[in-house]
Structures are given as C-alpha cells and as structure tokens.
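Then read on for a short tour.

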Amino acid sequence: MGRTGRLWPSVTALAESAEREKRPFYLIVPEQYTLKAERDLMDALGLPGLFYLAVLSPSRLQDMVFERAGRPERALLGPEGRRVAVAKALSLRKDDLSYYALAAEQPGFIGAMADLLSSLREEGVTREELRDAADKTEDPSFQSKLHDTALVLSDYEELLGDTLTDSETAHREM
C-alpha cells in the first residue's frame with residue numbers, strides 16, 4: 001500500500017468531520033490530481049458535491065490567498081512569461097556565456113534554464129552564492145556552469161525589476 005493509500009482513510013475522516021460540523025476543510029493536492037481527488041472524496045463520503053470541503057492545487061491556494069489578502073503590486077509572470085524573461089536574459093549575456101554558449105541556442109534550453117532558475121529561487125539561492133560557489137570549486141567545467149548561471153540569474157532578476165514578479169517571489173512574500 002502506497003503513501004496515498006495509507007493517508008486516505010485519515011483524510012476522509014477529517015473531511016467527514018469537517019462536513020458534519022459545517023466547517024471548511026482544504027485538501028491540497030498536486031495540480032494534475034485535483035479532479036480525481038474531488039471525485040474520490042465525494043465517493044468516499046457519499047456526497048453529491050463538496051460544500052464545506054475544497055480540493056486545491058498549490059496554484060489555486062495561492063490565488064485564494066491573493067484574493068483574500070490582496071494581489072502583489074507587481075504583475076505575476078506565468079510559465080510562458082518566465083521563459084520570455086529567461087530568453088531575454090540569455091540574449092543579453094550571449095557574449096559572456098562560456099558553459100552555456102552553445103546550449104543556449106538549442107531547443108528546450110530556455111525551458112530547462114527557466115526551471116533551474118525557478119528551483120534556485122525557490123530555495124533562496126542568490127547570484128552572489130552562485131558566484132562564491134564558482135570561486136570555491138576546483139572543477140573548471142562546474143565553475144563555468146555556476147558562473148554562467150549566476151549571470152543569467154542576475155539579468156533575469158534585473159528584468160523582473162519592480163514591475164514584475166514570479167511565483168517563487170510571490171511564495172516567499174506570502
């Protein structure tokens with residue numbers, strides 16, 4: 001029995017209690033699982049619909065928080081906007097890149113770099129930390145990779161400036 005199978009009885013018990021007491025219950029699940037989780041919850045509880053219970057993805061939870069607490073003053077970039085900003089940052093640095101010089105022209109690279117920058121920003125890794133790590137490593141290839149990543153991250157953050165934000169920044173600011 002997997003993790004979900006072991007947790008599901010506890011989840012349904014908590015949801016049933018919330019429904020009975022007419023109090024809100026929020027179940028946070030991965031984006032692709034929301035519809036199935038709603039159906040599974042309705043089936044498990046024998047309900048025709050969810051009234052006090054809500055199945056939310058992390059992005060929907062973020063939207064709910066912003067609806068109640070107010071949206072950030074800066075425009076929020078979606079995945080496509082983030083890729084456009086990364087492409088612009090790569091374009092600005094194309095003559096300064098060594099490790100990523102050839103890869104930057106390859107299909108799929110912009111998306112991969114956007115994912116990398118997203119992961120770094122989620123973990124709170126700064127361009128200064130990347131530069132410090134590059135200075136400390138003895139592997140020239142890894143040093144070059146860290147240096148290039150720091151350059152692209154720096155330009156990406158400058159492009160966002162005071163008017164744009166991404167989901168990583170929005171999560172940190174919540």
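## The overall build

First, keep in mind that you're looking at a predicted model. Count up the secondary structure and you get 8 helices and 4 strands. Starting at the N terminus, the order is α-β-α-β-α-β-α-α-α-α-β-α.

How does the radius of gyration of the protein sit against that of a compact globule of 174 residues? The globule would come out near 16 Å, but the protein has 21 Å. Along the principal axes, the C-alpha atoms fill a box of roughly 65 × 40 × 30 Å. As for what's tucked away, buried residues make up 33% of the 174 residues. Contacts also reach across the sequence: take those with a separation of 6 or more, and 69% of them join residues 24 or more positions apart.

In soluble globular proteins, nonpolar side chains tend to be buried together. Here, the largest nonpolar core has 22 residues. Which of them touch the most other members? That would be V86, L90, M113, L117, V152 and Y156. The elements giving two or more residues to this core are α4 (79-93), α5 (109-122), α6 (127-136) and α7 (140-160). Helix α7 gives the most, with 7 residues.

Zoom in on M113 and you'll find that it touches V86, Y100 and V152, leaving aside residues up to four places away in sequence. There's also a second, separate core, with 12 residues, and V11, A18, V29 and A37 are among them.

## How α4 meets α5

Two packed helices are described by the angle between their axes and the distance between the axes. For α4 and α5, the axes come within 9 Å and cross at roughly 100°. Are these helices roughly parallel or roughly perpendicular? Angles of 65 to 115 degrees count as roughly perpendicular, so that's the label for α4 and α5.

On the α4 side, the contact is made by R82, R83, V86, A87 and L90. The α5 side brings F109, I110, G111, M113, A114, L117 and S118. Sort the contact by class and you get 8 nonpolar, 2 polar and 2 charged residues.

Start with L151, which is in helix α7. Is L151 buried or exposed? Its relative accessible area is 10%, and buried means under 20%, so L151 is buried. Not counting residues up to four places away in sequence, L151 touches R93, D96 and L97. Now try finding A44: L151 and A44 are 107 residues apart in sequence and 51 Å apart in space, C-alpha to C-alpha.

Next comes D132, in helix α6. With 41% relative accessibility, D132 counts as partly exposed. From D132 to S91 it's 41 residues in sequence and 24 Å in space, C-alpha to C-alpha.

Last up is K22, in the loop between α1 (3-20) and β1 (25-28). Most residues other than glycine have a negative phi. K22 isn't a glycine, yet its phi is positive, at about 55°. Its relative accessibility is 55%, and the cut-off for exposed is over 50%, so K22 counts as exposed.

Key
Residues numbered from 1 in each chain as written. Predicted model: local features only at pLDDT ≥ 70, side-chain atom pairs only at ≥ 80, totals over all residues. Heavy atoms only, no water. Core = buried A, V, L, I, M, F, W, Y, C linked by side-chain atoms within 4.5 Å. Buried < 20%, exposed > 50% of the residue type's maximum accessible area, 1.4 Å probe, protein only. Contact = heavy atoms within 4.5 Å. Axes fitted to C-alpha atoms, helices over the stretch in contact; angles between N-to-C directions. Parallel < 35°, antiparallel > 145°, perpendicular 65-115°, else oblique. Nonpolar A, V, L, I, M, F, W, Y, C, P; charged D, E, K, R; others polar. Rg over C-alpha atoms; globule rule 2.2 N^0.38 Å.
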